[in-house]
Amino acid sequence: MNFKMTEKGFASDVEFGNLQVSGDEQHGFRPYQLMMASIAVCSGGVLRKILEKKRLKIEDIQIEANAERNEAEANRIEKIHVHFTIKGKNLKEDAMTKAMELTRKNCSMVRSVEDSIEIKETFEIVE
């Protein structure tokens, strides 16, 4: 990726459009938002593939991600909680727990930060 300085941050032209990044969310995505999005959506994509391979019927996956940041250390992200709400028929808790373990093991973004950011993943099943 190539980023060019703008008046309020940096920008990159990517396949799906122009990515604006700024420390002020009025002018683009904040870097910590992109970090959280990368972890949440990578995990969601891996989970989806795992559930499909296990032939579990899912209708929807919603993801909520929240971060705990340390103001004393440059607002460093210390913890990210990723919560999945999975909608589907006949989904069993034990099968979902195993799928979540595989997700954590196979998500490149989680694996990239696992020694520096605590990642907590939870889920709930709705029908």
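Cys 42 is buried in this predicted model, because its relative accessible area of 17% falls under the 20% limit. Cys 107 is likewise buried, with a relative accessible area of 0%. The structure holds zero disulfides.

Thr 103 belongs to helix H2, which spans residues 93-106. With a relative accessibility of 0%, Thr 103 also counts as buried. Leaving aside residues up to four places away in sequence, Thr 103 touches Ser 43, Val 46, Leu 47 and Ile 50.

| Residue | Relative accessible area | Class |
|---|---|---|
| Cys 42 | 17% | buried |
| Cys 107 | 0% | buried |
| Thr 103 | 0% | buried |

The chain has 127 residues, of which 29% are buried. Among contacts with a separation of 6 or more, 53% join residues 24 or more positions apart.

An unreviewed UniProt entry annotates residues 51-78 as "coiled-coil region". In the model, residues 51-78 are 11% helix and 57% strand, and the C-alpha atoms at the ends of this segment lie 29 Å apart.

The C-alpha atoms of the chain fill a box of roughly 50 × 35 × 25 Å along the principal axes. The accessible surface amounts to about 8,800 Å², with 48% belonging to carbon and sulfur atoms. The chain carries 20 positive and 22 negative side chains, and the centres of these two sets are 7 Å apart.

Conventions. Residues numbered from 1 in each chain as written. Predicted model: local features only at pLDDT ≥ 70, side-chain atom pairs only at ≥ 80, totals over all residues. Heavy atoms only, no water. Disulfide = S-S within 2.5 Å. Buried < 20%, exposed > 50% of the residue type's maximum accessible area, 1.4 Å probe, protein only. UniProt positions renumbered as here; feature names shortened; annotations may be inferred. Helix = DSSP H or I, 4+ residues; strand = E, 2+ residues; numbered from the N terminus. Contact = heavy atoms within 4.5 Å. Areas by Shrake-Rupley, 256 points an atom, 1.4 Å probe, with all protein chains shown as cover. Lys, Arg positive; Asp, Glu negative; His and termini not counted. Charge placed at Lys NZ, Arg CZ, Asp CG, Glu CD.
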